[in-house]
Amino acid sequence: MSGVVTGDAVYLGLQPARLPSRALALLLDLVVVWAAYLLISVGIALATASLDEAAVMALSIASFVLVLVGAPIAVETLSHGRSLGKLVCGLRVVREDGGPIRFRHALMRGAMGVVEILMTMGVVACVASLVSERGRRIGDVFAGTLVVRERVAPASAMVVPPPPPWLVGRFAALDLSAVPDALWLEIRQYLTRMGGLDPAIGQRLAERLADELVARTGTPPPPGVPAAAYLAGVVAERQARDARRAFAPGAAQGPVGVPAAPSGVPAAPSGVPAAPAAATATPASFGTAPPAVSATPPTAPVRRPEPADGEGSRATGFAPPA
């Protein structure tokens with residue numbers, strides 16, 4: 001796999017095409033292009049029999065440039081990097097960041113292909129592909145492109161094996177905040193492929209990864225725990241933490257800095273000041289239960305008996321009208 005990082009910092013695991021598949025695709029493309037060029041050349045020779053030698057030479061050069069150089073450029077541009085030979089072999093030309101190529105990429109590849117493929121019979125392109133780590137020829141280097149495989153054989157499911165039962169929960173207090181993602185990726189790849197590794201090589205690789213993990217966490221593994229089991233236990237602990245964080249019930253939030261209103265309580269109208277925090281905050285905000293509310297209805301006010309006739313006048317000196 002080729003480590004390609006896009007502009008959004010997304011890691012792409014692309015499988016670069018190697019020399020045999022690229023050579024087969026190029027051979028198919030050359031057969032088609034040369035067949036078309038020969039047919040066009042024969043047609044030009046029959047159509048220009050009455051013209052002078054200079055006109056025939058000019059038409060021959062124009063047909064060479066248009067068919068052998070312009071046609072591959074146009075096909076790669078319109079098909080986004082898939083010529084006829086690449087389509088048959090399951091290959092495609094992409095940018096170094098994994099995106100589709102454009103006209104400038106196809107133009108640079110076609111211009112350099114005249115030198116390293118047509119003029120040197122493909123020797124320069126073969127040597128460059130063998131030397132390059134990702135099988136790129138000179139045209140790919142100048143254009144910033146990469147030929148990758150589109151049809152990859154489906155691999156078996158890469159599942160991280162679970163840790164031994166006696167290690168489950170042993171790393172609950174381990175600080176994993178300083179472990180980088182690249183180290184997690186290496187550990188996961190080792191755990192998914194350790195069954196197919198040589199035992200001695202797998203042991204050394206597990207010890208190296210365990211040492212790096214201990215250096216990041218600052219806590220050594222329990223005594224007597226193998227390195228592979230230690231890695232599996234730590235990865236299982238991280239997966240458990242991620243699962244708890246992903247599926248933990250989140251409290252509903254209102255505007256920034258303002259807790260959401262409890263269920264069933266209507267929002268305050270515009271222009272009316274909000275109630276105090278102590279009156280509207282939910283119990284979870286403070287971690288205490290709300291004060292108990294008595295179920296006994298409030299006592300009705302005691303009505304004093306009305307004074308009898310004459311009592312009011314003696315008390316106040318005022319006699320009501322008859």
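Two exercises on this predicted model follow, each with a worked solution.

**Exercise 1.** Describe the largest pocket by its space, its lining residues and the helices that supply them.

*Solution.* Begin with the space itself: the largest pocket holds about 750 Å³. Next, turn to the lining, which is made up of 36 residues, and note that Leu26, Asp29, Leu30, Pro72 and Ile117 lie nearest the centre of the pocket. Then trace the lining back to the helices, where α1 (19-47), α2 (53-78), α3 (84-89), α4 (103-118) and α5 (123-131) are each found to supply at least two residues. Of the lining, α1 provides the largest share, with 11 residues. Finally, sort the lining by class, which gives 25 nonpolar, five polar and six charged residues.

**Exercise 2.** Locate the largest nonpolar core, find which elements build it, and follow the contacts of Val234.

*Solution.* Start with the membership: the largest nonpolar core has 23 residues, and those with the most contacts inside it are Ile187, Leu191, Leu213, Tyr230, Leu231 and Val234. The elements that contribute two or more residues to this core are α7 (181-193), α8 (199-217) and α9 (227-247), and α9 gives the most, with seven residues. Now take Val234 and set aside its neighbours within four places in sequence; what remains in contact with Val234 is Phe171, Leu174, Leu176, Trp184 and Leu213.

Note on methods. Residues are numbered from 1 along each chain as its sequence is written. This is a predicted model: local features need pLDDT of at least 70, side-chain atom pairs count only at pLDDT 80 or more; totals for chains, interfaces and linings use all residues. Side-chain values use heavy atoms; hydrogens and water are left out. On a 1 Å grid over the protein atoms alone, a cavity is a set of points where a 1.4 Å probe fits but cannot get out, and a pocket is an open set with protein on both sides within 12 Å along at least five of seven lines; lining residues have an atom within 4 Å of a point. Grid points are joined across faces, edges and corners, and a volume is the space filled by probe spheres set on the points. Helices (H or I, at least four residues) and strands (E, at least two) are DSSP runs, numbered from the N terminus. Ala, Val, Leu, Ile, Met, Phe, Trp, Tyr, Cys and Pro count as nonpolar, Asp, Glu, Lys and Arg as charged, and the others, Gly among them, as polar. A nonpolar core is a set of buried Ala, Val, Leu, Ile, Met, Phe, Trp, Tyr and Cys residues joined through side-chain atoms within 4.5 Å. Buried means under 20% relative accessible area, exposed over 50%, partly exposed in between (1.4 Å probe, protein chains only). Contact means heavy atoms within 4.5 Å.
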